[in-house]
Amino acid sequence: MNTLLQISDMGMVFPTPKGAFVALEHVNLTIQQGEFVSLIGHSGCGKSTVLNVVAGLYQATSGGVILNGKEVQQPGPDRAVVFQNHSLLPWLTAYENVELAVKQVFSKTGEHSKTKTEMKEWIEHNLKLVHMDHAMHKRPNEISGGMKQRVGIARALSMQPDILLMDEPFGALDALTRAHMQDSLMEIQQELNNTVIMITHDVDEAVLLSDRIVMMTNGPAATIGSILDVPLARPRDRLALSRDAEYNHLRSDVLKFLYEKQRKVENLNAPVNKCDQGENANHAA
Ligand SMILES: Nc1ncnc2c1ncn2[C@@H]1O[C@H](COP(=O)(O)OP(=O)(O)O)[C@@H](O)[C@H]1O
Ligand SMILES: [Mg+2]
C-alpha cells in the first residue's frame, strides 16, 4: 500500500480573548491509499480542527500535513469535504450543484479536461452512484435531508479527490436514513476504493465503515489516544455483524476508550489535568 497522507506532529493553538488555547498537540497519523479511517472522540476534542487542517482551511500552528508528497497549505480539489449540514446552493438543482464542482475541476484544458458531453455523463454517473439520478433536477428545498447529503457526496466524488474528508456527514439524519447512507457509502468505497477520513461520534458507524478507528483524547491539548484496527472482512453486513463476536469486541473497545479511559479521570475526581478540562469533555460529539 502507498502512503497518501501524513499528519506530522500537528499542533493547533487558537488565540482567544482569554489567551492562547491549545486545541491539539502532537497529532501523528499516516493514511494509506484506499483506507477508510474514522476519527472519534468527545465533543470539542479537536476532530474538526484536524480535518480542517487537512482540508487546508486552517493552518496548523506546528507540524503539518503532507498529501501525495506535497505540503498542504490551502484548500484544493484533491481534497473534497462533506460537512454535516449540506452546503448545496439552494437556487441550483442537484444536477447543477454537482455541475459547479465538475466544471471547476474538469473544464480547464489539460489531461483532466472533459468535453460538455463527458461532463454531463460524469455528473449523471455520480448522481447515480448515490442513488439520486431520479431527483437530479430537484432543488435542495424539494428533497429530504438524506437526499441532500447524497447530493453533497456526489458533488465531492465528482471532483475525483485523492481523499474524501467527511465531518459527521450523517450526524443530522434519522437512524434509518443514516443506515441507508452508511450502506451506500460502503458500496461506493468498495467500488471506487476511495481514501476517506470520516469524523463520527457513532461507535457502530465507526466500526461498520472503518479500516482503522482513530480515537482522540479529550482536549485541551488533545491528541490521538489510541488507534484500533478493524480487520472485519468486506463487504460488511450490519445485521450479520451485530451477531459477530469480533464486531462486538471492537465495538466495546471503542466504548471503553470513550467512556472509561477518557471519562474516568473526571469520574474519580482526580486532580485537574490537561485531559479533563475541555468543555463538554464527556459528551461524544
Ligand atoms: N477558530 C477557533 N478559535 C478558538 N477556538 C477554537 C476554534 N475552533 C475550534 N476551537 C476550539 O478547539 C477545540 C476543538 O474544536 P473542534 O475541532 O471543533 O472539536 P470537535 O470537532 O472534536 O467537536 C474546542 O475547544 C473549540 O472550542
Ligand atoms: Mg466537530
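1. Which residues in H3 meet Ala154, Leu157 and Ser158 in H4? They are Trp122, Asn126, Leu127 and Leu129. The contact of H3 with H4 divides into five nonpolar residues, two polar and no charged. Here Ala, Val, Leu, Ile, Met, Phe, Trp, Tyr, Cys and Pro count as nonpolar, Asp, Glu, Lys and Arg as charged, and the others, Gly among them, as polar. Contact means heavy atoms within 4.5 Å. Helices (H or I, at least four residues) and strands (E, at least two) are DSSP runs, numbered from the N terminus.

2. Ground rules. This is a predicted model, in which local features need pLDDT of at least 70 and side-chain atom pairs count only at pLDDT 80 or more, while totals for chains, interfaces and linings use all residues. Residues are numbered from 1 along each chain as its sequence is written, chains are lettered from A and ligands numbered from 1 in the order in which they are written, and side-chain values use heavy atoms, with hydrogens and water left out.

3. Geometry of the helix pair. Helix H3 covers residues 116–129. H3 and H4 pack at an angle of about 135°, and their axes are 8 Å apart. Axes are lines fitted to C-alpha atoms, for helices over the stretch in contact, and angles run from 0 to 180 degrees between N-to-C directions. The two helices are therefore oblique to each other. The classes are: under 35 degrees roughly parallel, over 145 roughly antiparallel, 65 to 115 roughly perpendicular, the rest oblique.

4. Glutamine 149. This residue lies in helix H4, residues 145–158. Glutamine 149 is buried, at 3% relative accessible area. Buried means under 20%, exposed over 50%, partly exposed in between (1.4 Å probe, protein chains only). Its side chain reaches the backbone oxygen of proline 169 at 2.5 Å. A polar atom of that side chain also lies 3.1 Å from the backbone oxygen of glutamine 84. Beyond neighbours within four places in sequence, the contacts of glutamine 149 include Val82, Phe83, His86, Leu173 and Met181.

5. Serine 38. Strand S3 (residues 36–40) holds serine 38. Serine 38 is buried, with a relative accessible area of 0%. Its side chain makes a polar contact of 2.7 Å with the side chain of serine 210. A polar contact is a pair of N or O atoms within 3.5 Å; within protein, one must be able to donate a hydrogen and the other to accept it, and residues adjacent in sequence count only if both atoms are side-chain atoms. Leaving aside neighbours within four places in sequence, serine 38 is in contact with residues including Met198, Thr200, Arg212 and Val214.

6. Cis peptide bonds. The bond from glycine 219 to proline 220 is cis, with omega near -5°. Proline 220 lies in the loop between strands S9 (212–216) and S10 (224–229). Arginine 234 and proline 235 are also joined by a cis peptide bond, with omega about -5°. Proline 235 is in the loop between S10 and helix H7 (238–242).

7. Histidine 131 has phi near 60°. Histidine 131 sits in the loop between H3 and H4 and is partly exposed, at 40% relative accessibility. Asparagine 193 has phi near 55°. Its loop runs between helix H5 (175–192) and strand S8 (196–199). Asparagine 193 is partly exposed, with a relative accessible area of 48%.
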